[in-house]
Structures are given as structure tokens and as C-alpha cells.
Amino acid sequence: MASPAQGQGGTTSSSTQTQTLPFPLPLQDRVAIVTGSSRGIGRQIALHLSSLGARLVLNYSSSNSSPADSLAAQINATSASSALPQAIVVRADISDPTQVRHLFDSAENAFNLPVHILVNSAGTLDPKQPSIADTSDESFDHVFAVNARGAFLCAREAANRLKRGGGGRIILLSSSQVAALRPGFGAYTASKAAVEAMTKILAKELKGTGITANCVAPGPIATELFFSSRTEEQVQKLIEESPMQRLGETKDVAPLVGFLASDAGEWVNGQVIRVNGGYV
Ligand SMILES: NC(=O)c1ccc[n+]([C@@H]2O[C@H](COP(=O)([O-])OP(=O)(O)OC[C@H]3O[C@@H](n4cnc5c(N)ncnc54)[C@H](OP(=O)(O)O)[C@@H]3O)[C@@H](O)[C@H]2O)c1
């Protein structure tokens, strides 16, 4: 996995970056948009990409800006001195094309640097775990609007606007449910299956751009989304089932995203990578 110790050699060309590092960080001078980064997996991914040198566009959609604002403050407090911030916050609902365009506009304008990386971590599910027979129209439409349409809108914008010629990365969060196919997650799993299919096609369509497109598909990860949809008994059962005898944590996912985002990850393209401790 990419780490700050695995620099690429040479010197950084941007006047906005610290010039004294003997080796630039793997994602130095690269802008990364991470949707759904106010909490959970997206938050940890944003922190990890920041530790690799990326400038971050943090995104969320609700009326509560505090979690994203405090994450930006945390990242900016630890960043090297610079005229520009290391992280900005942009509120945008990824299921709305106008707001997704605004998200990318903000990223392009914030740092005077090209946008290299999109990580789409924003996602939702119906916490009631309805069977397909019991899934309401509204529940299905909401899950597909955020997970499938949202991923499509972000991927489309990224395909048109990410930096060409190397280092362009589209990383979409799917789910190991697409392989596990557990009852109670029909709409959610179908929405993520759509994302996986789209990603494999997108990677081929981006031929010649140097932009890769991949899915990262976690198993159970201890986040708000996970706990909102499981009883204590179900959580214990998942822990017992796991070859690692524990739930995944957000830090189990972020390093893989960091690797895919780095130059070292270029040869991984059009893939779905399940990261679940052996869950499926
Ligand atoms: N946790 C797991 O076990 C697990 C397993 C497999 C896959 N995943 C996938 O991993 C991703 C992250 O999950 P998580 O567990 O970290 O979820 P989480 O803790 O619920 O966080 C979801 C994030 O997405 C944002 N968000 C929700 N709807 C949005 C929208 N329409 N537009 C923009 N942002 C939106 C939320 O902020 P606001 O509420 O402010 O909008 C929040 O920042 C999801 O795609 C999920 O399907 C999770």
C-alpha cells in the first residue's frame, strides 16, 4: 500500500507546496474529492489521502455541517504551511446533477491544481432490512437515487473532468453484499451491483486517458450506516462468522483506496476489490 515513505522521487513543481521534502508524498499536488466524508468510511479515506499529500474536497449532504467542518479543521491544522488550505468542505447531494457539478466546480477552483481523484463513498440503505416483497417504492427509489444514480453522476463528471495523462483515479464504494447476497438488502445490493457493472465499463471507455476506474467493496464495517441496520444479535453473529473474529473498521478500508489512488495502483483497473477479512 502507498505510504508517505514510498515517495516517487524528484521535486514538486507547485509553488503552493512545501519545497523542502526530499521526496514528495505519493499524492502531493493532487486534488481528491471524497463524497460522504463527514463520517464513516469516507472520513477515514479522506484522512488517509491527506496523509499521502492530497488536497481534499470533503463532501456531505445533510443540514449538519459540523462533522465535515471539524474534519477540515483537523486536516488543515496538521498540514504544512501553505497559502492554500489542505481541505475544503462542499455540501452537495450526489443524487442531484446540479449539485454534483457544483462539487467539481468547487474542487477545480479551490486549489489552483487539477483534480486527479474521485472517491465516491456517499451511500445509504434502508435500516429496516426489508425483504424485496416488503420494500416500498420510496425506499427503493431513495436507495437507487443515492447509491446508483449518485455514483453515476459523480463518475460521469469525473470521466469528463479528471486530469488526463496519468494519475486520474475513479474509486467507487460498492459492497461485499453483491457477493454475499444476504436477504433483507435487495435494493441496496442491486444498487451496488449496478455500480460495479458501470465501473467495469467505465474503465474501458476511459482508454487513453490514463484514468483508472475501480470499485472497493467492503464487508461489515463498524460505522453509523452499519449499526443503524443491525441488531446486537446480528452484529455478534457477523463477528462469529468472520475469519478475523471481528467487525471491519474504517482503517481496514482506507489503505486500499490510498494504494488505488497512487501511481503504484495504475495497473489495477476495471476491478472490484472486496475488502472484508474473508467474509465472502
Ligand atoms: N459500513 C459498512 O458496513 C459498509 C459495507 C459495505 C459498503 N459500504 C459502503 O461504504 C460507503 C460508506 O458507508 P459508511 O458506512 O461510511 O456510511 P455512513 O457512516 O452512513 O456515512 C455516509 C456518508 O455519506 C453521506 N451522504 C449520505 N447521503 C448522501 C448524499 N445523497 N450526498 C452526499 N453525501 C451523502 C453522509 O453525510 P450526510 O448524512 O450529511 O449526507 C455521510 O458522510 C457507502 O457507499 C456504503 O454503502 C459500507
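Guide: In what follows, helices and strands are DSSP runs numbered from the N terminus, a helix having at least four residues and a strand at least two. With that settled, one can say of this predicted model that helix 1 (40–51), strand 2 (55–60), helix 4 (137–161) and helix 7 (224–228) each supply at least two residues of the shell around the ligand.

Visitor: Which residues come nearest to the ligand?

Guide: There are 30 residues around the ligand, and those that come nearest are Gly 36, Gly 40, Ser 62, Gly 123 and Leu 225.

Visitor: How do helix 4 and helix 6 pack, and at what angle?

Guide: Helix 6 spans residues 186–205, and its axis lies 8 Å from that of helix 4, at an angle of about 15°. Because angles under 35 degrees count as roughly parallel, helix 4 is described as roughly parallel to helix 6. The crossing of these two helices is right-handed. On the side of helix 4, the contact includes Phe 140, Val 143, Phe 144 and Ala 148, while on the side of helix 6 it includes Tyr 188, Val 195, Met 198 and Leu 202. The residues of this contact divide into 14 nonpolar, three polar and one charged.

Visitor: What makes helix 9 mostly covered?

Guide: Six of the eight residues of helix 9 are buried, namely Ala 254, Leu 256, Val 257, Gly 258, Leu 260 and Ala 261. These buried residues pack against helix 1 and against several strands, among them strand 1 (31–35), strand 4 (115–120) and strand 5 (169–173).

Visitor: Why is Asn 76 called partly exposed?

Guide: A residue counts as buried with 20 or more other C-beta atoms within 10 Å and as exposed with 12 or fewer, partly exposed being what lies in between. Asn 76 has 16 such atoms within 10 Å, and so it is partly exposed. This residue lies in helix 2 (residues 66–78), and, leaving aside its neighbours within four places in sequence, Asn 76 is in contact with Pro 85, Gln 86 and Ala 87.

Visitor: How do you know that Ser 131 is exposed?

Guide: Ser 131 has 11 other C-beta atoms within 10 Å, and since 12 or fewer is the cut-off for exposed residues, Ser 131 is exposed. Its place is in the loop between strand 4 and helix 4. Apart from its neighbours within four places in sequence, Ser 131 is in contact with Pro 183, Gly 184 and Gly 186.

Definitions and conventions:
Residues numbered from 1 in each chain as written. Predicted model: local features only at pLDDT ≥ 70, side-chain atom pairs only at ≥ 80, totals over all residues. Near = placed C-beta within 6 Å. Axes fitted to C-alpha atoms, helices over the stretch in contact; angles between N-to-C directions. Parallel < 35°, antiparallel > 145°, perpendicular 65-115°, else oblique. Left-handed = near helix turned anticlockwise from the far one by under 90°. Contact = placed C-beta atoms within 7 Å. Nonpolar A, V, L, I, M, F, W, Y, C, P; charged D, E, K, R; others polar.
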